[in-house]
Amino acid sequence: MRRPPRDNEESTRGITRRSLLLGTAWLAFGGGLAARMRYLQVDQADQYRLLADENRIKDRLIAPARGLIWDRNGIPLATNEQNYRVVMVREDAGDPSEALEKLSKLIPMDDAARAKALKAVMDRAPHVPVAVADRLTWEEVSAIAVNGPALPGITPEVGLSRNYPAADDLCHVVGYVGPVSDYDLSRIDDKDPLLQIPKFQIGKSGAENKLELQLRGTAGNVRNEVNAGGRVIRELDRREGNPGANVQLTIDAPLQNFIQARLAGESASAVVIDVETGDLLACGSVPTFDPNKFVRGISTADYGELTGNPLNPLQGKAVQGAYPPGSTFKMVTALAALDAGLIDTEETVRCGGYVEVGGRRFHCWKHSGHGHMNLNLSLRNSCDVYYYDLAERVGIERISRMSRRLGLGERYDLPMSAVSSGLAPDKAWKLERRGAEWVIGDSLNASIGQGFVLASPLQLAVMTARLATGRAIVPRLVKSVNSTEVPLLDSPSLELNENHLRAVRQGMYSVSNNRRGTAFASRITEDGKRLGGKTGTSQVSNNRVNNRNVPWEQRDHALFVGFAPFDAPKYAVSVVVEHGGGGSKAAAPVARDILLHAMYGGYPPLAAYPAAARGNAQRMQDDLELRDFDALRNESSRA
Amino acid sequence: MSYLEYQIQHTPTGLRKILYLNWPVIVLLSTICGVGFLMLYSVAGGSFTPWAEPQMKRFALGMVAMFFVAMVPVWFWRNMAAVAYLISLLLLIAVELFGEVGMGAQRWINLGFMRLQPSELMKITLVLLIAAYYDWLDIRKTSHPVWVLVPVILVLIPVALVLRQPDLGTAILLITGSGIVMFAAGVSLWYFAGVIGSAIGIITAVFKTRGTEWQFLKDYQYRRIDTFLDPSRDPLGDGYHITQSKIALGSGGWTGRGYMQGTQSRLNFLPEKHTDFIFTTLAEEFGFVGGITLLGLYFLVLMFCLTSALQNKDRFASLMTIGVAATFFLFFAVNMSMVMGIAPVVGVPLPLVSYGGSAMLVILVAFGFVQSAHVHRPR
């Protein structure tokens, strides 16, 4: 277009003016961009650098190996078993359901398991390995490894899972582990990041639970660089954790095994204590359960069976149970009276079958009466009237104090679940808890271990150990941690008159060695291994006549406490057979067998039994199925 | 022919024209493209594939096209402006009918050897047309309402088509680019005041109609604006782009993490790291220094273009050069604002650096026009 020169000049001028305006505007905008860049990259750099690292660095915990638990002989009680499993990475597996189909031809996998595995795989990101099968045998793992090329994305893996080789034997002592639950997390104040690992195994009961912090160990840590999809690109840093401490218990596994087998069929418990050290050698309770089932995830049916069982297999009765100790308490009453100087050992009380106090008759178990009783005879015959008389004179306060001195009414700090504190009642207790005054009848009941008095089998064993030694034996369960011996607890003298103690022990000797003693049938005939003890039959129901014609749950509890060898006490035992009837029949023979087993470190020669009992003893030795601990020990040492 | 009015005896002829090209601009453009190759190599994890190598081929092709365009006298291109506009318009309509759908929008025509984005083409042909229009128009009629309405309609037709795809970024670029040419041509400032005023009104209307059946924008466009206004609202969803982009950029610091050391892009935290968000990688790896350098390069290009436009006494050449520079400016200004979180994510590439064939070719051809205007300027 031809344009007049004047127009051209005007055009150029206009364009120049506007261009300069434009250029200025652009520069201003560019300045704004530069300022923004500076703000982000210089002023805020630290913050964004932090965010960037948060983006790319993911920490992953390495679970430490859980500490092992051994018995005092080094027999493994809780181990970490290699657990072969199969993991699948979805993105490598092609069609996951087809891959599972192929896998199920190599290992047992039903449709339900396959559907569950498929869901687990599909729920996670494609690059995350997901366990699709667990607890495989070596043969199955080999089959998968051999078929590797045909199974892309599927690899066998080895992990650790808890195993209890002694199975049922120590279910109440060692307890079991299980995956940490939301409930656990809400209950415990533990900041350990390990607990945040899904399905991390923590102790749920018993020593596994109480020694959790020692057994668990500390977490290791892997620092990974990940991409936006969460895939690990490379490892930046690795810090190994510390495995948990190995714990050795004072338990003697073969003895424990014998006790469980011997008690089987009853609802019963027995405790054996080493009177020299306070070591808990055995802590049996039946019925039992298999802790391995809990580790693997117990089925609802199995669990229902356990909770529905009236014999209560889940309860560790040896420490959790609290029973009226019955006549096994009589040593306490006797010592209370002797210590107070209110009687001497030869003073007699006449038993006419009952006493009348406050308008009520208190009967002796022998309604016809025992006649004149001194301390020794009263223990031998388990005369009740003798102790009623003592109780009237001594009073409950002194009895209660003596029972505490002998270890009753005290909760021992043992790493076991729900350790019972029992009850050593006194006037203040009754006023506070029952809102009533103590009456003399309460004292009479307490004097023979009835009424308010409660004791656990553990406490009874401690009492027996204290009677046998005159020292304040305190039980312990942990022998060593990581091969460092746990120091023995102090056992100071009870400050009891040795003559009084000797008289009481002599009474206990008569119980099982005098022809007329209540436990004479359950004596040990081997010299140097003789046993002193006391039977107990504690009333469960008030209106029973004999034990034959009443329902099981109303029958008396049968108890026995004892120690052996009498001359140089080593073992103290307590046995409680719930609703077992009389202590001399149901509990004393068990206690005798246990003591013999402990003293001989296995089955004793039949000669240790009185002639009349040898037949039964032989039958017992033939019938009981004991665990082969040598095989167990070898297996674990091989692993 | 119109060149007769100029003293063109000094205008170089034949291959001598090459000596008279605006070489600083060529060097600057090549440098910027070089930065692009560097970054594409880096985001691919130190590999020429899949991005750097094709980009280099397109650069070579684009340079050849630029030289070719530069050799042809600028008045030929002025005369072709209307034709080019019509072709672009037809291609836009074709895209509407046969286009391929990508990222929720119809943008491409597959030519077999490359995918053509007619909207990219339109960005430059529209500038040519508006410049040619004001060259043709009597200078006294510049601000006459009727003669202002004509280019407005010429702009709004492709804008409407582009918005239908829908491609808000390109629509904004088309309007603003043409607007700048009209501004440079001397259209009364009152029109611009009016347009800006009504734009504010329209934006208000756009938001007011949201959620109703006749809402102006697609839902995803609304979300992008929401996200822009508050990226922290949905940091892993729609806000992810901006949040991650700012993290990568900010973590670069003064001098950056070093070439190929940018963790955020290498680990895929950055979305579209090779296209619209490539600047974040550059800023992460080379830091503030790197970012400012690129910005400086861009501004040097603008400076040389403006100088060339002011030296040029031909009205078309000046306006066209300013228009190309404006479009170039809009590309990087919008892109950088977007990745730095001061503008919504509208899908505008970083010129000559982002991976993409159409954009690279179109920009280099556009600078071909600028070179042609420079070589054939009246002396």
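Reader: Where does pLDDT come in?
Author: This is a predicted model, in which local features need pLDDT of at least 70 and side-chain atom pairs count only at pLDDT 80 or more, while totals for chains, interfaces and linings use all residues. Residues are numbered from 1 along each chain as its sequence is written, chains are lettered from A and ligands numbered from 1 in the order in which they are written, and side-chain values use heavy atoms, with hydrogens and water left out.

Reader: And how many salt bridges are there across the interface of chain A and chain B?
Author: The count is zero, where a salt bridge is a side-chain nitrogen of Lys or Arg within 4 Å of a carboxyl oxygen of Asp or Glu.

Reader: Which element gives the most to the side of chain A that touches chain B?
Author: α1(A) does, with 27 residues. Helices (H or I, at least four residues) and strands (E, at least two) are DSSP runs, numbered from the N terminus.

Reader: How many residues does the contact take from chain A and from chain B?
Author: Chain A provides 43 residues and chain B provides 59, contact meaning heavy atoms within 4.5 Å. Between the two chains about 4400 Å² is buried, with 66% from carbon and sulfur atoms. Buried area is the accessible area (1.4 Å probe) that two parts lose on being put together, summed over both.

Reader: Which residues of chain A lose the most area to chain B?
Author: They are A:Arg18, A:Trp26 and A:Gln41, together 19% of what that side buries.

Reader: Now the domains. What are their bounds in chain A?
Author: Domain 1 covers 81-165 and domain 2 covers 253-629; such bounds come from an automatic or database domain assignment. Their C-alpha centres lie 53 Å apart.

Reader: What do these two domains bury between them?
Author: About 470 Å², 48% of it on carbon and sulfur atoms. In domain 1 of chain A, the residues that lose the most area to domain 2 are A:Arg135, A:Arg162 and A:Tyr164, together 74% of what that side buries. Between the domains there are zero salt bridges and one residue pair in polar contact, both at pLDDT 80 or more.

Methods:
A polar contact is a pair of N or O atoms within 3.5 Å; within protein, one must be able to donate a hydrogen and the other to accept it, and residues adjacent in sequence count only if both atoms are side-chain atoms.
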